[in-house]
Amino acid sequence: MSADVQAVPVSAQNLHKSFKRGTGEIVKALDDVSFAAKAGTLTALVGPDGAGKTTLLRLIAGLMVPDQGELEVVGVKVASDPQAVQDRIGYMPQKFGLYEDLSVQENLDLYADLHGVTSEQRQEVYPRLFEMTQLGRFRERLAGKLSGGMKQKLGLACTLVRAPELLLLDEPTVGVDPLSRRELWEIVLKLVREDGLTVVVSTSYLDEAELCDHAVVMHAGKVLSQGTPDEITAEARDRVFIVATPDGMPARSLQARLFQQKGVIDAVPEAGQVRVVLEAPDGTEALAIDGHETAPRPAKPRFEDGFMVLFATVAERAERSGMELDRPVSGNSADVVVEVDDLVRSFGDFTAVDHISFKVRRGEIYGLLGPNGAGKSTTFRMLCGLLPASHGRLQVAGADLRTSRAEARQKLGYVAQKFSLYGQLSVDENLDFFASAYGLRGRRKAERIAWAKRQFELDQFASLPSIQLPGGFKQRLAMGAALLHEPDILFLDEATSGADPMARREFWGRITALSEQGVTVIVTTHFMEEAEYCDRIIILDAGQNLAEGTPAEIRAHARPEGGEEATMEDAFIAIVEQARSARAQPKAAA
Amino acid sequence: MLDSLLRILALIRKELLAILKDPRSRISLIGPPVIQCLVFGYAATYDLNNVSYALLDHDRSSASRALISRLDGSGVFTRVGTLEVERQIAEFIDDQRALLVITIPQDFERGLQASATPAVQVIADGRNSNTAGTAQGYVSQIVTSFGAEWQAAHGLPGPPVQITTRAWYNPSLETRWYMIPALVGTITMMMTMMLTAMSVAREREEGTFDQLLVTPFRPSEIMVGKAVPAMMVGLIQATMILLVAQLWFRIPFAGSYLILYCGLVLFLAASVGIGLFISSIAGTMQQAMIGSFVLLMPFMLLSGLTSPIGNMPQVLQYFTFINPLRYAISITHQVYLEGAGFGQLLPEMLALVAIAAVTLPIAAWMFRNRLG
Amino acid sequence: MSSVTTHGGGGRWRRISALIRKETWQIFRDPSSIIVGIIMPMVLLVLFGYGLSFDVKNVPVAIVMEESSAEARGAASSFELSDYFSAREVKTMAEAERLLLDKSVNAIVRIPADFARRMEQGTAEIQILVHGTDANTARISLGYAQGAIAVWMAREAALGRVVTGPPIDVENRMWFNDANNSSYFLVPGLVVLVMTLIGALLTSLVVAREWERGTFEALFVTPVRSTEILLGKTVPYFVLGMMGLALSIAGAKLLFDVPIRGSLVLLVIASTLYLIVALGIGLLISSVTKSQFVASQITIIVTFLPAMMLSGFMFDIRSMPVAIQAITHIFPARYFVSVLQTLFLAGDIWAVVLPNAAVLAGMAALLMGLAIRATRKTIG
């Protein structure tokens, strides 16, 4: 093999790939895609759901054959000899297929054997992998019993049992908490920088793309732009500003209003203020609210800002009107609607939730944050009455949903982590079912279904089986179904996991609007910046309450002395690590 | 009350939509039962209509020839070989060329004339002893009646006692008349039990069950909403099989449809109860699948479908008391063939009610209280 | 090609043995494999051995004695002495019919009022009425009843009480199964079901599970070849199937005393062939459907039900209409049942074993070939 070929482990030219949907409709997953990954570099594929990232990675891995175009991987034409490529590369699919009933060690051994790693080589590689992934303590644990982050690390370890010539990672950090995410990226970066490995990674976390050498921005099967992260970031040059919040206004309310302004591409709450990206560098007049100047300060653009600018050129500007409830929730905003007192839940000798207490008032957005396995979901399931508590008291809208009459559940809406409406049923049929389930009938039912379809722009898909909805619309349908009966309280369990930036903005726009109209919202999330939308948050780890307060109070935990305002993610990591080392110390001493 | 009813109706509608929406699943609910009914209706028979036999005639008299032509003319027996010596018997039986070898003794005709009861020997291939026994029974009947008639024709005194036989409800003793009505219960149980066992497990696996549990549905409402559609599917399948039985196999229906459908509804409630019970325990679809399979096997084998319950050891007979299929088969036979009324069927119906009354509430309780 | 040299030879065996090891661990850790592989054969063994029996014994009969002469007594005693019947005497026909209706008895034997007088004239008649719903049992009972009366008549003739006995005596002999014990042919049939469950149903479930859970996607992008993946799946379930075979044979021998008259070697060879066929079907179905639910439904319909109903183990193929007989030729189970019944009960009869084994071998080659073609390392 010539050095020339070695220098470009992936070379794709004019790739095309189409699929037929169940309905017979042809979907162009890849439409004339070209890119190259140079040896020893990190290439990121970024783009919203359905952009074609996974298809592209599967083509490179030889798992699919392109309809058209040239694709050479490690110097081999993939289509003609996929096995030759598969012998030499490493690939970690989006959902890495660990054998959940095998232990960590057994999974690793399996892949070592499949890659022909000799026992001498193993003695050298294993300690390195265990050190890198910190899985050494869990060798004997079944893979199914690992947390999400550890599973991903084990998946990565399995693909790295022998040094591949090229490593493909498909959304390796979806559903992984910030701590594990940071660790995973440290491993990948070390491989690229120190061992000269070539890596192609797809991601919807844009801060991750910032770390790469080359970014390919994709949209609807096409390459929108590619270049170094700096080049992408430069798209937003002179257009990024920070707007301070007027007194007494939550950042998310300002964000919601700014986001609706013409001339504004993007707005996100950040450290109690709002970061905006403008359509034109000199368009600051768009930031005036009710005729008042808001004194925007220019800010340094980030990759995400550049990405949003690129997207503003192709994606139609969606309605950003938030949403209107038929009637706002009545009641006093001082009412405590959710109360958790000394809650404990144990499974055998394992305590998932360890004496947690908190209160949520009407109209608040309350966030449950924590690493994988911290007890968020368990708390959530107890609140919704899906799991009995071992000890303690919980009240939701004045009742314990586990034991109360069914009518008490009438007051809450629930959106699960995973899309969990009936896939074979159409949008209309799902809405009709949930409306009836909540006791709506006759004209009222028809009105509410029409409302949901209007608010979530679902009319166009009314008769499509919901499993075939594009990702973002599934989310909308789930929200629509949960709001049909105008609940006082909305539970959202990692509702934005795996969603792209656009979908997440839209989602939070609606949540903000709901809370302004009196709906109490309780959320769990892995995206730390989303905590900025909350009124108050609680950080859990190992089932314990580590910190509770407003976003500003939480951020204050991690503010470096005299330094700049810390991001929520830094604060989160600082709090968790501090608590963990405090817990480790007494043990070490004993 | 009205709210509760409307919720249940919504769930029933949703379940039916989920089952019937996809044309493939629609076909798979109707196609296999009808095909199974047709194939098994023909295949599941203990009646013989083509028995191959070899003949060893040591007598070669006019009487022996008359007996042979009686056998050959019966339409059931096909002669595949005519043997010369005894040692040829083994080869015909061993390689399954002949199911029977019939040996006529040397002094057959003389014996008949002297009323000395000559013995005809029938050797059967006992590898399937049930078939062999049936075939031997056929031969005995033909030979005995031939003997009596031959003696009468030759002016000899006949046997002192004649036997006349008659069979109630199934005059020509066709197994098919027994099997096909029994398939009504067997096939519908297979389909409805699997359908319900999978349904909750599938909702659990897809996460929709949690979604259902946070709505105002009560567990008992979910139970009814899951049970009714499956029972409706079962009734449709039962109707299809009954149609095949009457229109295709032409088995006359002696009883009342009202009574039969009452029995079927109770039976389906009991099997759906068992299905939901499995479903409420199983964590995954694979477990639900294997769980229902492991239960279906004994239910089918110990129902009286393939062999009479009276032949089973006492312990296994006790087990059949909790087997809804046992009662379903008994009810269908009594209504379909015997025209039985409610009074006669009361014990079976009460047993089915009891099974449903135990399994359904347990399943409903498990919906909410299962850990995990 | 450099890749072939680096990954041939030893690498291949290392990969295959790693896959086998992985599969074995999974079998031991998943209760459902153990249920299908071990518990299920044992349950079936008990059910088939004890539960299913076509051996009619102690048929309850009502004897209606309309006169109480010595002759009538004698005729009735032929039922009372027989092992096949458990007789009870009733006074009137109406009472007997009531007993037949509620199934307290399966048959009525009626000895009419002027039995003794007519017997002297040679025109006596005994009426037998059976409950015909269960036609098979009814027919067997009728046969026994006729036999019992014939025995009585022969005895009367021998004692000179009547002029003639029955015209012809039919002397029935059952080869291979003298005791006419139905567990002799049901228990070998069980082997077919066990092999089908493990080979086809379990395999199709575990392969479909890999597609469903996405475990194949990562596995595909390694040096492993698709044939190696197939081998890795086949070998453990083959061993499990053979264990099921051993369990069934041991059970048949120990619990039911079923003879094994042929050679054990032939039995193992034939079972190997059938197991490969079953594995091939399981692999093929799961590779095509890629879903556990669909795969299990199809597997039950195309393998398990035919093995039970169309293989000749419960219902004799010779009794089926020609069209259905033709259909049975598609299903491998019929060939295996034929070989099994011969090897268990008759012996090494090549004329039966060879052609059937040849068909199984052909099917094994074809199905494995198709399974290899269907298992491609591609997604979507």
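## A walk through chains A, B and C

Start by selecting A:Val125, which is found in helix H5 (residues 119-133) of chain A; helices (H or I, at least four residues) and strands (E, at least two) are DSSP runs, numbered from the N terminus. Before you click further, note that this is a predicted model, where local features need pLDDT of at least 70, side-chain atom pairs count only at pLDDT 80 or more, and totals for chains, interfaces and linings use all residues. Residues are numbered from 1 along each chain as its sequence is written, chains are lettered from A and ligands numbered from 1 in the order in which they are written, and side-chain values use heavy atoms, with hydrogens and water left out.

**Stop 1: around A:Val125**

Is A:Val125 buried or exposed? With a relative accessible area of 18%, A:Val125 is buried. For the cut-offs, buried means under 20% relative accessible area, exposed over 50%, and partly exposed in between (1.4 Å probe, protein chains only). Contact here means heavy atoms within 4.5 Å. Pick A:Arg162 as well: A:Val125 and A:Arg162 are 37 residues apart in sequence, yet their C-alpha atoms are 7.7 Å apart in space.

**Stop 2: helix H10 of chain A**

Select residues 251-260 of chain A, which make up helix H10. Of its 10 residues, 8 are buried, so the helix is largely enclosed by the rest of the structure. Colour the buried ones: A:Ala251, A:Arg252, A:Ser253, A:Leu254, A:Gln255, A:Ala256, A:Leu258 and A:Phe259. What do the buried residues of H10(A) pack against? Show strand S11 (240-243), strand S12 (264-270), strand S13 (273-278), strand S17 (365-369) and helix H16 (501-516) of chain A, and you have the partners.

**Stop 3: two positive phi angles**

Most residues other than glycine have a negative phi. Jump to A:Glu457, which is not a glycine and still has a positive phi of about 50°. A:Glu457 is in the loop between helix H14 (442-455) and helix H15 (471-483) of chain A, and at 31% relative accessibility it counts as partly exposed.

Next, pick A:Ala542, where phi is positive too, near 50°. A:Ala542 lies in the loop between strand S22 (536-541) and strand S23 (544-549) of chain A. Its relative accessibility is 33%, so A:Ala542 counts as partly exposed.

**Stop 4: where chain B meets chain A**

Show chains A and B together. The contact takes 29 residues from chain B and 31 residues from chain A. About 2,800 Å² is buried between the two, with carbon and sulfur atoms giving 53%; buried area is the accessible area (1.4 Å probe) that two parts lose on being put together, summed over both. Highlight B:Gln211, B:Val214 and B:Pro216, which supply 23% of the area that chain B buries against chain A, more than any other three residues.

How many salt bridges cross the interface of chain B and chain A? The rule finds 3, a salt bridge being a side-chain nitrogen of Lys or Arg within 4 Å of a carboxyl oxygen of Asp or Glu. Zoom in on B:Asp210 and A:Arg381, which form a salt bridge with their closest N and O atoms 2.5 Å apart. On the chain B side, helix H1 (2-20), helix H7 (175-206), helix H8 (208-213) and helix H14 (342-369) each supply at least two residues. H1(B) gives the most, with 10 residues.

**Stop 5: chain B on its own**

**Stop 6: where chain C meets chain B**

Bring in chain C. Here the contact takes 98 residues from chain C and 97 residues from chain B. Chain C and chain B bury about 8,800 Å² between them, 66% of it on carbon and sulfur atoms. In chain C, select C:Pro167, C:Ile168 and C:Arg318, which lose the most area to chain B, together 9% of what that side buries.

The count between chain C and chain B is 1 salt bridge. To see a salt bridge, pick B:Asp47 and C:Arg139, with the closest N and O atoms 2.8 Å apart. Finish on helix H7 (residues 135-158) of chain C, which gives the most to the side of chain C that touches chain B, with 11 residues.
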